Protein chains: 2
Amino acid sequence: MNKKMQWLRNKMLSLDLQGMIVSNPVNIRYLTNIQAEGILLATRKENIFLTDGRYIEDVHNTLTLFDEIVVYDVRGLTLEDYENFFMFCENVGFEENYVTYAKYKEYMHKYKINNLVETENMIEKQRQIKDEEELENIKKACKITDDCYEYILNYIRPGMTEKMIAREIDDYYYKHAEGVAFDTIVASGENSSKPHAIPTDREIQKEDIITIDMGCKVNGYCSDMTRTFFVGKVLEEVKPIYELVLKNQEQVLKDMRENANTKQIAKMVDNDFRLNNYDLIHALGHGVGLEVHEAPALGINSENILKENMVITNEPGIYIAGKYGVRIEDTVQITKGGAEILTMSPKRYTIIK
Amino acid sequence: MNKKMQWLRNKMLSLDLQGMIVSNPVNIRYLTNIQAEGILLATRKENIFLTDGRYIEDVHNTLTLFDEIVVYDVRGLTLEDYENFFMFCENVGFEENYVTYAKYKEYMHKYKINNLVETENMIEKQRQIKDEEELENIKKACKITDDCYEYILNYIRPGMTEKMIAREIDDYYYKHAEGVAFDTIVASGENSSKPHAIPTDREIQKEDIITIDMGCKVNGYCSDMTRTFFVGKVLEEVKPIYELVLKNQEQVLKDMRENANTKQIAKMVDNDFRLNNYDLIHALGHGVGLEVHEAPALGINSENILKENMVITNEPGIYIAGKYGVRIEDTVQITKGGAEILTMSPKRYTIIK
């Protein structure tokens, strides 16, 4: 059995779960490498992946004997088969934060389960700590993102639209990685005041501010980086905000280490912003892995303790509605004594022609 | 109030619901045009959209006074505010097929709701029947898909990879529409035996079979079309399968009309495939709208009655593992007396150089 399925089995044992239903496809991929619609059952006797005719061939190509996972086509299963999977299981775990209320009721009924137990994101929590192979993939994705940023700085010219620039980034990622990790943001001028701007047909002006939020995937693992930069010259009115964001981004990096409290870190940024009459209107950061947004959350409303080999973002931002915004974001790996920045693109004022 | 919110209000009245929580973002977009993270509450007195700082500006730009929707930033809400929303509401509807088990429990607790009532996909069911504006968008998306198919037939040359072709389709959609409706499938040679193939670096050969499954979005509304075609010449061994798939695809089109039973239609295809020793291994079709896969499902396991102005796909396919596959798919609008094909690309043997 692979290491991650072995972890799941041990975890089940420690929680007195005799069975487990894994429904979240990202968790299924994490545990088994399978990328197909279906559901993973850990029963007393076996690990089972239930899928349908469309995916059988693919799943068999993904798995090896070593995985010890049996694959069934749901079309061949009877009602009795479902009832047998968890027979003699007192407690069966499920993912209450993924499974809908309707599915919960269906599981209870279909598998005739005595006690369907909430597992409190145990797999998502385990996913927070990356192993060597996962770190390798994320580092590659971050390196490609740095390269792409350098490329795009040379590519941008006044007159190009935000959409064209976003498309060029996407093309780069498609060529050098598995494509984008999320919808690329290219927000120029007043559009930069929207933290979640969608690229428009707005053309880059001669003295523009531009925010780009970009990331790609390598073997399913994501990178995430944001830079705000300038065309021709740095806008004087933006300088105080840029300095404030950058100062906090660099301070956060110093505070990030094993056993640091994420709420406290976010609070300090929020306080410093408030002292200057601004607000931290979004989270300070988030975990990065198979999903570009995953646990842990870094914000003033959630308390998390950083652990070695977590990979998280550090992305303070300030937005002046209808005018401009500044966000600076890195992907960061937590180490024993501190943190290692994985996205290395320059953060001091960058001015393009 | 806009027509769709008015519909929701009437529906609530008929179901004796004094309140409703809409959580599914696609349903929120359908009802309000809002595209932002958040939740829509229909209380006794008001329509409320709860969101956060990141989206406030955007949401205000989307809504007009006519919408009669109040927008709140969750950061300004107290526990008491939540309890007040549904005060004096006996029954509050929710989306049991979207809301997770954990969220269900949170809603009960946070809003202090007496009776949280399952609403059995009532909004998704309403979304099945398209109005004039929705049909207009889907028709545009289908027309762009036909144009893109014509373009790509001229573009493909032996030696190109599946990825390059998929990328060209994506580029076309990005230029002429809002981008793709789903991950484009370009499956050549033996890869065409996988119904859900992901484009690979396989190069197109001189006597290849190619299946392309493609669709784009216009104002959020999708198109969906599949064609299987040939390079140089039609492979003799594929002909019987191609004829069988095409015959059934055309027969299904004749059977699709108001009040037709989808299960019966799918059964007939399945029976005909079985008579020839093949299987219908996936659904015969699905609804198309704001989502590329939405209600109704067309398959042998679900009974649905077709209604005027439903938009659905018709996509029988046969797959010989490790060798080749044939799928032919159109997007179709149900009319009173029959059905109108919205994707018009040729379905007879198409051979490119």
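**Helices on the sheet, chain A**

I looked up helix α8 of chain A, residues 162–176, in this predicted model. Helix α8 lies across β7 and β8 of chain A and runs at about 155° to β7(A). Next I looked up helix α7 of chain A, residues 132–155, which lies across β8, β11 and β19 of chain A. Its angle to β11(A) is about 15°.

**The sheet**

I then asked in what order the strands of this open sheet stand. The order is β7-β8-β11-β19 in chain A, four strands with mixed pairing. I noted β7 (185–188) and β19 (351–352) of chain A as the edge strands, each pairing on one side only. Strands β8 (residues 209–214) and β11 (residues 225–231) of chain A run antiparallel and are joined by six bridges. I found A:T211 opposite A:T228 in β11(A).

**Where chain B meets chain A**

I turned to the interface. There, 35 residues of chain B are in contact with 35 residues of chain A. The two chains bury about 3,100 Å² between them, and 50% of that is on carbon and sulfur atoms. I noted that B:Y101, B:R167 and B:Y174 supply 23% of the area that chain B buries against chain A, more than any other three residues.

I asked how many salt bridges there are between chain B and chain A. The count is six. For the salt bridge of A:D58 with B:K194, I read 3.8 Å between the closest N and O atoms.

On the side of chain B that touches chain A, the elements giving two or more residues are α3 (56–62), α5 (101–110) and α8 (162–176) of chain B. Of these, α8(B) gives the most, with six residues. By class, I listed 14 nonpolar, seven polar and 14 charged residues on that side of chain B.

Key: Residues numbered from 1 in each chain as written. Chains lettered and ligands numbered in written order. Predicted model: local features only at pLDDT ≥ 70, side-chain atom pairs only at ≥ 80, totals over all residues. Heavy atoms only, no water. Contact = heavy atoms within 4.5 Å. Buried area = accessible area lost by both parts, 1.4 Å probe. Salt bridge = Lys/Arg side-chain N within 4 Å of Asp/Glu carboxyl O. Nonpolar A, V, L, I, M, F, W, Y, C, P; charged D, E, K, R; others polar. Pairing = 2+ DSSP bridges. Axes fitted to C-alpha atoms, helices over the stretch in contact; angles between N-to-C directions.
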